[in-house]
Amino acid sequence: MPDAAICATIPRVLPNLPYAAYLRVYQPLIAFSNREKAYWRAYAASSRRPRRSDAVATEHAESLRRLVSAPPVPVPERESGDAYVRRLGGEVYVCPWQTRLRSWLGLRDFRTETPARLSAAFIPEPVAEAAEARFEQWRERGEPMRTQILTSTWTVPIAWFSPFDAEERCLVLGGEEQQPADAADPDTAEHGLRGERARHPAGGARPAPRTLLYVARMAEARRRLERAIALLREHVGDSSALSEAEGLQDWLLGVAHPRALLELDYGGLVHLVDDEGLRQDQSVAEVGAALTGLETGEQELATAMYQRVSRRWKEMEALKHAN
């Protein structure tokens with residue numbers, strides 16, 4: 001996939017957004033029923049939908065409005081009709097927000113991981129219990145439980161780097177594209193065509209925001225992940241690294257159409273690192289080098305590369321405890 005097509009359609013991530021990274025599956029329209037296909041085709045063409053440059057901020061703002069209301073609304077009454085949209089090679093790809101489902105799952109995790117007294121201070125017990133009762137009713141109807149967006153706060157799980165190649169990296173620092181050297185016009189790049197130098201993803205002459213992301217075609221992503229799992233099974237055995245990679249593979253098999261796209265977006269995490277830190281972040285390349293070291297019997301290389309990427313993300317995660 002051309003890097004230029006990726007860089008010219010990056011979403012704007014504002015500094016006040018959560019320190020979170022996202023793994024998103026973009027489905028081709030053929031993955032949907034005829035009714036859904038018609039809806040998403042019209043949605044992608046609409047001038048009123050949240051643009052890619054504002055989608056993350058819009059979704060976050062909606063969540064904040066619900067949570068600061070009195071009483072708080074941890075889960076919306078209806079599922080969102082919005083999605084992240086990409087265009088490539090004349091084809092439309094969508095990643096539905098699934099805000100209601102993700103909110104239910106997030107509420108469940110929050111109540112599981114947080115002491116009852118503390119959780120009640122954020123979400124009153126009657127409100128949380130009512131939301132969970134509606135979730136159970138929804139589950140009993142046999143609705144799908146898998147989201148097409150994974151979220152990780154304060155860090156990027158190392159397994160998330162395995163499906164990508166270093167050449168799929170797009171880094172933008174304060175409006176000046178760092179990699180690749182060439183770029184594309186935002187109107188043609190959404191269709192995967194090379195053009196002129198990149199402008200702001202929302203159009204116009206505004207500088208592009210600081211962004212680091214990768215996008216891969218699903219066939220390539222699955223092939224790389226399968227290789228990583230095979231090497232970990234052979235050379236490492238049972239481990240958290242293998243378990244995380246297998247969990248990621250299971251998720252992709254459950255949600256992704258074979259012609260889908262997979263996007264790793266550093267999201268708000270870019271605001272925890274200065275420009276030089278982002279330039280030096282080659283996590284995908286380092287994970288790839290570690291796997292190659294396992295494959296070729298270069299144990300020292302594999303260990304050094306794994307330790308380097310692991311140390312980077314442990315240091316990032318430790319920032320959540322900083323004052």
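First, the ground rules. The model is predicted: local features need pLDDT of at least 70, side-chain atom pairs count only at pLDDT 80 or more, and totals for chains, interfaces and linings use all residues. Residues are numbered from 1 along each chain as its sequence is written, and side-chain values use heavy atoms, leaving out hydrogens and water.

Helices (H or I, at least four residues) and strands (E, at least two) are DSSP runs, numbered from the N terminus.

Start with helix α3, residues 55-67. It has 13 residues. From first C-alpha to last it reaches 19 Å, close to the 18 Å expected at 1.5 Å a residue. That expected span is 1.5 Å times one less than the number of residues.

Which residues of α3 are buried? They are A55, V56, A57, E59 and R66. Buried means under 20% relative accessible area, with a 1.4 Å probe and protein chains only. These buried residues pack against β1 (20-28), β2 (83-88) and α4 (99-113). Contact here means heavy atoms within 4.5 Å.

Next, the helix pairs. Axes are lines fitted to C-alpha atoms, for helices over the stretch in contact, and angles run from 0 to 180 degrees between N-to-C directions.

Helix α8 (218-235) and helix α11 (283-296) pack at about 50°, with axes 10 Å apart. That makes α8 oblique to α11. Angles under 35 degrees count as roughly parallel, over 145 as roughly antiparallel, 65 to 115 as roughly perpendicular, and the rest as oblique. On the α8 side, the contact uses R227, A228, L231, L232 and H235. On the α11 side, it uses L291, T292, L294 and E295.

Now α11 with helix α12 (299-318). Their angle is about 150°, and their axes are 7 Å apart. They are therefore roughly antiparallel to each other. Residues of α11 in this contact include S283, E286 and G293. Among those they meet in α12 are Q299, M305 and W313.

Last, the loops. Where is Q98 found? Q98 sits in the loop between β3 (91-96) and α4. Its phi is near 50°, a positive value in a residue other than glycine. Q98 is buried, with a relative accessible area of 13%.

W154 also has a positive phi, about 70°, although it is not a glycine. W154 lies in the loop between β4 (149-153) and β5 (169-173).

Conventions: Buried < 20%, exposed > 50% of the residue type's maximum accessible area, 1.4 Å probe, protein only.
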